[in-house]
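Here are some notes to read alongside the structure. Please keep the 3D view open and look up each residue as you reach it.

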Amino acid sequence: MSEMIRILLVDDQRLMRDGLRTLLELEDDLQVVGEAADGAEALELYPSAEPDVVLMDVRMPVMDGVQATQQLVERWPRARVIIVTTFDDDEYVFDGLRAGARGYLLKDVSGQELAEAVRTVAGGGALIEPSVARKVLAEFSRLAPPARPAGEALADPLS
């Protein structure tokens, strides 16, 4: 059997945490090792829970998911966070990724898609929901310097 992937659930809605736990624990290699109702509680639980992946809601009382992600990654640089939210609002997307999230999923994903995302991020990869990825690519294109025209040679360093 493969090694268990340890997960910390962070969501202010108990029903959501219970549902996520049930879905994730249907998988033989996934184990929920802790639950937090807000970002501040997640920061307290993280060192003792030692999760491989944190599933983080965005909008929560006390400390939201973006702030919590930023602080987790600052304190524990190896922290791997996937933001799981109902919001694909540009501000949340970019703030979450800038804070250090390794993934961004909408809560309408299937249990299988969620499990695969956890495995991908636990393995060191990154995963962004396709509809969100389009926004990220559009923003990157807007911010990136224009590419050199095709066929344009680099300056000859010897001339």
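1. Let us start with Glu50, which sits in the loop between helix 2 and strand 3 (53-56). This is a predicted model, and in it Glu50 has a positive phi of about 45 degrees although it is not a glycine. Is Glu50 buried or exposed? Its relative accessibility is 55%, and Glu50 therefore counts as exposed.

2. You will find Val62 in the loop between strand 3 and helix 3. Although it is not a glycine, Val62 also has a positive phi, here about 70 degrees. Its relative accessible area is 71%, so Val62 is exposed, because exposed means over 50%.

3. Now step back to the chain as a whole. The protein chain has six helices and six strands.

4. Next, please look for aromatic rings. How many aromatic pairs does the count come to? The count comes to one aromatic pair. The partners are Tyr46 and Trp76, with 4.8 Å from centre to centre and 35 degrees between the planes, an arrangement that is tilted. Tyr46 lies in helix 2 (residues 39-49), while Trp76 lies in the loop between helix 3 (65-75) and strand 4 (81-85), so the pair ties together parts that are 30 residues apart in sequence.

5. Tyr46 has a relative accessible area of 9% and is buried, since buried means under 20%. Trp76, with a relative accessible area of 25%, is partly exposed.

6. Tyr46 turns up again in the lining of the largest pocket. This pocket has a volume of about 240 Å³. Which residues line the largest pocket? They are Glu3, Met4, Ile5, Arg6, Tyr46, Pro51, Asp52, Arg78, Ala79, Arg80 and Ala122. By type, the lining divides into six nonpolar residues, no polar ones and five charged ones.

7. Thr85 is a residue to look at in strand 4. Its relative accessibility is 0%, so Thr85 counts as buried. Which residues is Thr85 in contact with, leaving aside its neighbours within four places in sequence? Asp57, Val58, Tyr104, Leu105, Leu106 and Lys107 are its contacts on that basis.

8. Leu105 is also one of the residues touched by Ala117, along with Ile82 and Leu127, not counting residues up to four places away in sequence. Ala117 has its place in helix 5 (residues 111-122). With a relative accessible area of 1%, Ala117 is buried. From Ala117 to Glu129 there are 12 residues in sequence and 9.5 Å in space, C-alpha to C-alpha.

9. Ala126 can be found in the loop between helix 5 and strand 6 (127-128). Is Ala126 buried or exposed? Ala126 is exposed, with a relative accessible area of 57%. Leaving aside its neighbours within four places in sequence, Ala126 is in contact with Arg102, Thr120 and Val121. Ile82, which Ala117 touches, is 44 residues from Ala126 along the chain, and the C-alpha atoms of Ala126 and Ile82 are separated by 8.7 Å.

10. Finally, turn to helix 1 (residues 14-24), where Arg14 is found. Arg14 has 55% relative accessibility and so counts as exposed.

Key: Residues numbered from 1 in each chain as written. Predicted model: local features only at pLDDT ≥ 70, side-chain atom pairs only at ≥ 80, totals over all residues. Heavy atoms only, no water. 1 Å grid on protein atoms, 1.4 Å probe; cavity = no way out; pocket = protein on both sides within 12 Å on 5 of 7 lines; lining within 4 Å. Points joined across faces, edges and corners; volume = space filled by probe spheres on them. Nonpolar A, V, L, I, M, F, W, Y, C, P; charged D, E, K, R; others polar. Helix = DSSP H or I, 4+ residues; strand = E, 2+ residues; numbered from the N terminus. Phe/Tyr/Trp six-rings, centres within 6.5 Å; stacked < 30°, edge-to-face > 60°. Buried < 20%, exposed > 50% of the residue type's maximum accessible area, 1.4 Å probe, protein only. Contact = heavy atoms within 4.5 Å.
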